[in-house]
Amino acid sequence: MNVVRWVIGRIILLLDFIFTPRGVKRSKEQQALIDAKTAGLTLYQFKACPFCVKVRRTAKRHTLNLRYLDAKNDPQHRQTLLVQGGKIKVPCLRIAKDNNVEWLYESDSIVKYLEQLTKAA
């Protein structure tokens, strides 16, 4: 079963690489505003997880600068996700804003949140 997962994961990564979306071109000022909005966002992910790929592609499509942490291969990030987020489930977006931290699970919810950030800019 591990071999099958590994092969499927590599296929997902290859297709993501081949069909990666282009980012939005913005002025430096507009991009600086978006970067300020995304400064407190961290995505906990597994590299070959299809739901994580979906979120990363959305971030790429909208030219969002997120911090990406590998919760599969890095025990420290995995532990942080469990202790602070409450469960080891990816993708998980950590939203740090105004001394508050929110943990957003589910790729559809994360995509919707990211798209709302770009509409407000």
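These notebook entries follow what I looked up about helix α4 and two threonines, T80 and T38, in a predicted model.

**Entry: the two sides of α4.** I began with helix α4, which runs over residues 75-85, and asked which of its residues are buried. I found H77, T80, L81 and G85 on that list. These residues cover an arc of only 100° around the axis, so they sit on the same side of α4. I reminded myself that an α-helix has 3.6 residues a turn, so residues three or four places apart point the same way. On the other side of α4, I noted P75, Q76 and V83 as exposed. I then looked for what covers the buried residues, and the elements I found include the strands β1 (41-45), β2 (67-70), β3 (92-97) and β4 (100-105).

**Entry: T80.** I returned to T80, which lies in helix α4, and saw that its side chain reaches the backbone oxygen of Q76 at 3.0 Å. When I left aside its neighbours within four places in sequence, I found T80 in contact with Y44, G85 and W103.

**Entry: T38.** Is T38 buried or exposed? I located T38 in helix α2, residues 28-38, and its relative accessibility is 1%, so T38 counts as buried, the cut-off being under 20%. Again leaving aside neighbours within four places in sequence, I listed L64, N65, L66 and L117 as the contacts of T38.

Definitions and conventions
Residues numbered from 1 in each chain as written. Predicted model: local features only at pLDDT ≥ 70, side-chain atom pairs only at ≥ 80, totals over all residues. Heavy atoms only, no water. Buried < 20%, exposed > 50% of the residue type's maximum accessible area, 1.4 Å probe, protein only. Helix = DSSP H or I, 4+ residues; strand = E, 2+ residues; numbered from the N terminus. Arc of directions from axis to C-beta. Contact = heavy atoms within 4.5 Å. Polar contact = N/O pair within 3.5 Å; in protein donor to acceptor, adjacent residues only side chain to side chain.
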